[in-house]
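Here is a short briefing on one protein model. Look at the structure first, then work through the points by topic.

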Amino acid sequence: MATRIENGAGSVRNVRNTRLTESLRYKGREGMWTWMLHRVTGLGILFFLLIHVFDTALVIYWPDFYDESLNIYRHPLFRVGELAIFFSVLYHALNGLRIIIQDFWPHAMRHQRKLGLAALGLSVLLILPVAWIMMAPVLGLAEEPGVERHRARMERLQAEGRVPAAHREEATPGVLDVPMETPR
């Protein structure tokens, strides 16, 4: 369906009218889905960067609120979100390499479907061990990595009489409620 648009100079042009539901029904097959996934992962990475910049600014301007936000980030939903961000970075990078390959070697366009599936398959294959490392402690199947190093560091700092500000009760009430076994 097209809509005719006239500008002030008297010229007329037809603009294609598509809704999101119509776009999703488009039969572009793998090419359309890799195009769409590339954009969605790019937006996910951008969203993460915006949150990260805001979060980093909290350390400077509102350190107490930053300490509270660390408690929020320990929630299992954020771990799933971190996994999604990691997948986004992986897929976006590998699919970007596919696009570069197709740009420099035009005969590779004949294998576009295979290359798109290879980028997706390699992304899924690489995310599996990372998913285990990130989700096993949340599911209680393994211990959080770095716990021993964190305990040793905290014991050393306490023996020296230097406790980080985030762990002093008078500096940020409530932070000590966070178990030491989950360092960030």
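A residue counts as buried when its relative accessible area is under 20%, and as exposed when that area is over 50%. Tyr-91 comes to 1% relative accessibility, so Tyr-91 is buried. The model is predicted. Buried residues make up 22% of the 184 residues in the protein.

**Overall layout**

- The protein has six helices and two strands.
- Starting at the N terminus, the order of elements is β-β-α-α-α-α-α-α.

**Helix H2**

- Helix H2 covers residues 29-61, which makes 33 residues.
- The buried residues of H2 are Met-32, Thr-34, His-38, Thr-41, Ile-45, Asp-55 and Leu-58.

**Aromatic pairs**

- How many aromatic pairs does a search of the whole structure find? The search finds three.
- One of them joins Tyr-61 and Trp-62, with ring centres 6.1 Å apart.
- The planes of Tyr-61 and Trp-62 meet at 55°, so this pair is tilted.
- Is Tyr-61 buried or exposed? Tyr-61 has 58% relative accessibility, so Tyr-61 counts as exposed.
- Phe-87 and Tyr-91 form another of the pairs, and this one is stacked.
- The ring centres of Phe-87 and Tyr-91 lie 6.2 Å apart, with 15° between the planes.
- Why are Phe-87 and Tyr-91 separated by about one helical turn? Because they are four residues apart in helix H4, which covers residues 76-104.

**The second largest pocket**

- The second largest pocket holds about 370 Å³ of space.
- Its lining has 15 residues. Nearest the centre of the pocket are Phe-48, Ile-51, Tyr-73, Phe-78 and Glu-82.
- Which elements give two or more residues to this lining? They are H2, helix H3 (63-73) and H4.
- H2 provides the largest share of the lining, six residues.
- By type, the lining residues divide into nine nonpolar, three polar and three charged.

**The loop between H5 and H6**

- Glu-144 sits in the loop between helix H5 (112-135) and H6.
- Glu-144 has a relative accessible area of 18%, so Glu-144 is buried. The cut-off for buried is under 20%.
- Glu-144 and Met-134 are 10 residues apart along the chain, and their C-alpha atoms are separated by 8.4 Å.

**Helix H6**

- Helix H6 runs over residues 147-159 and has 13 residues.
- From its first C-alpha to its last, H6 reaches 18 Å, close to the 18 Å expected at 1.5 Å a residue.
- Which residues of H6 are buried? They are Val-147, His-150, Met-154 and Leu-157.
- The face turned away from the buried side of H6 carries the exposed residues Glu-148, Arg-149, Glu-155 and Ala-159.
- Just after H6, Gly-161 takes a positive phi of about 80°.

Technical notes:
Residues numbered from 1 in each chain as written. Predicted model: local features only at pLDDT ≥ 70, side-chain atom pairs only at ≥ 80, totals over all residues. Heavy atoms only, no water. Expected span 1.5 Å × (residues − 1). Buried < 20%, exposed > 50% of the residue type's maximum accessible area, 1.4 Å probe, protein only. Phe/Tyr/Trp six-rings, centres within 6.5 Å; stacked < 30°, edge-to-face > 60°. 1 Å grid on protein atoms, 1.4 Å probe; cavity = no way out; pocket = protein on both sides within 12 Å on 5 of 7 lines; lining within 4 Å. Points joined across faces, edges and corners; volume = space filled by probe spheres on them. Nonpolar A, V, L, I, M, F, W, Y, C, P; charged D, E, K, R; others polar.
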